[in-house]
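The exercises below ask the reader to locate a few residues in the model and to work out their surroundings. Each task is followed by a solution in steps.

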Amino acid sequence: GGLAKRIIPCLDVKDGRTVKGVNFVDLRDAGDPVELAWNYSNQGADELVFLDITATVERRKTMVELVKAVARQINIPFTIGGGINEIADADALLNAGADKISINSAAVRNPALIDELAKAFGVQFVVIAVDTRVINHKNIVHLNGGRLPTEKETLNWILEAESRGAGEILLTSMDHDGTKNGFDTTFLKQVNNSVNVPVIASGGAGSVQHFVDVFEQSNVDAALAASVFHYGEILIPDLKSILKQNNIEVREI
Amino acid sequence: MIGIIRYGAGNIFSLTAALERLGIPYGMINKEDDFDLYDRYIIPGVGHAGAAMHKLENTGLVPKIKSLTKPTLGICVGMQLLTSYSEEGDADLLKIFPIKTMRFANSTEYKVPHTGWNQVYPERENPLFENIPNGSHFYFVHSYFIEFDNTFTLSSAIYNNKFSASIWRDNFYGVQFHPEKSGAYGETLLKNFSKL
């Protein structure tokens, strides 16, 4: 055996509270990101992503408090994304216990930020999140949650990000996101075969079979989803047991 | 009580949080006299091995570290520092283990950094891995690895090639993975270390 494929629940956080509905049983407080994180960790999640959508001037402070609270109680790695624009943001999160940070629009607007972050903290700390949408048969990088197209072709941007020091790529297909019709395995395969760093697939998970498909067809390193986990439509132990039945290596706890 | 050697390479928040969850007492070592306060030591470390070695040398603690006789655990780059040499920064290291730290080859099949949960298999018997089943997954994130060695590899992992997931010589131990991020088995390993 070797390296397991990772299953990553993504939590949206605003002002230190999770914002997407969650209907687990036995939760005292469904808005508490630490309690949710603990639940996912107990179910066998391999890693967590917290996407902070706080828009206040206090955001760095609330992110740091969240990261510390998670690091104190959770014994699996986690990534924090949202609103990281400069080295000082990243430094504060690293010192609070974050394993990785995820950068999206800030990197598109200022690609040299990737070089700076990789030099300061190592490539293993720097995840580049890319939102892609197809326009005229081409995958184009989008900002603002997929609303704002850029001039950049997605694969070119990913290769540039890798050469600048991205240690991992989190690729979200906005055309698939929210559809529950499955991941964009074709494009994910193309990206995964083009880079030397790990790729996390995101966007479109609706069933266990979609996870089997994305690992079998694109061979990505990890798959991320939000609502199918939050609403209990897919339970991580069931998902892992079916992946295993399909000869996909997973971590058992 | 565990003394964590502070030399400015990487954050230790997650490590101290794990020790607190486990009820394992710890303190910080900043100077040579501090070593006497503890009965075992951890050398943490993330980032660049050459840069980390440079920082460690600047503390003046290198001769003391090499002379330690109490249980000492290097984690990640802290483990790599125990070896003789790293390709990262072409750096001479502590030479407690006469083996080398090398870079993974670039490949679209075996991604670098090696990131995620990899199975670990014991190569020798040691209480550090007590109550941890063979083939348990531990969390790794690294671009450089310590070569496999018949004498010093305590447990191995396979990622393209077989490499040292952990090493052991006398009172010195190193783990390439992050026990503080490796779920229940990682916590078991930290507990085991606290009792060596």
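A residue is called buried under 20% relative accessible area, exposed over 50%, and partly exposed in between, with a 1.4 Å probe and protein chains only. This is a predicted model, in which local features need pLDDT of at least 70 and side-chain atom pairs count only at pLDDT 80 or more, while totals for chains, interfaces and linings use all residues. Residues are numbered from 1 along each chain as its sequence is written, chains are lettered from A in the order in which they are written, and side-chain values use heavy atoms, without hydrogens and water.

**Exercise 1.** Decide whether Cys76(B) is buried or exposed, and find what it touches.

Solution. Begin with the relative accessibility of Cys76(B), which is 4%, so the residue counts as buried. Next, list its contacts (heavy atoms within 4.5 Å): leaving out residues up to four places away in sequence, Cys76(B) touches Gly45(B), Val141(B), Val175(B), Gln176(B), Phe177(B) and His178(B).

**Exercise 2.** Find which residues carry the UniProt feature "active site", and examine His178(B).

Solution. The unreviewed UniProt entry places this feature at Cys76(B), His178(B) and Glu180(B), although such annotations may be inferred rather than shown by experiment. These residues are spread over 105 residues of sequence, yet they cluster in space, with a largest C-alpha distance of 11.1 Å. His178(B) has 8% relative accessibility and therefore counts as buried. Beyond its neighbours within four places in sequence, His178(B) is in contact with Val46(B), Ile75(B), Cys76(B), Tyr139(B) and Val141(B).
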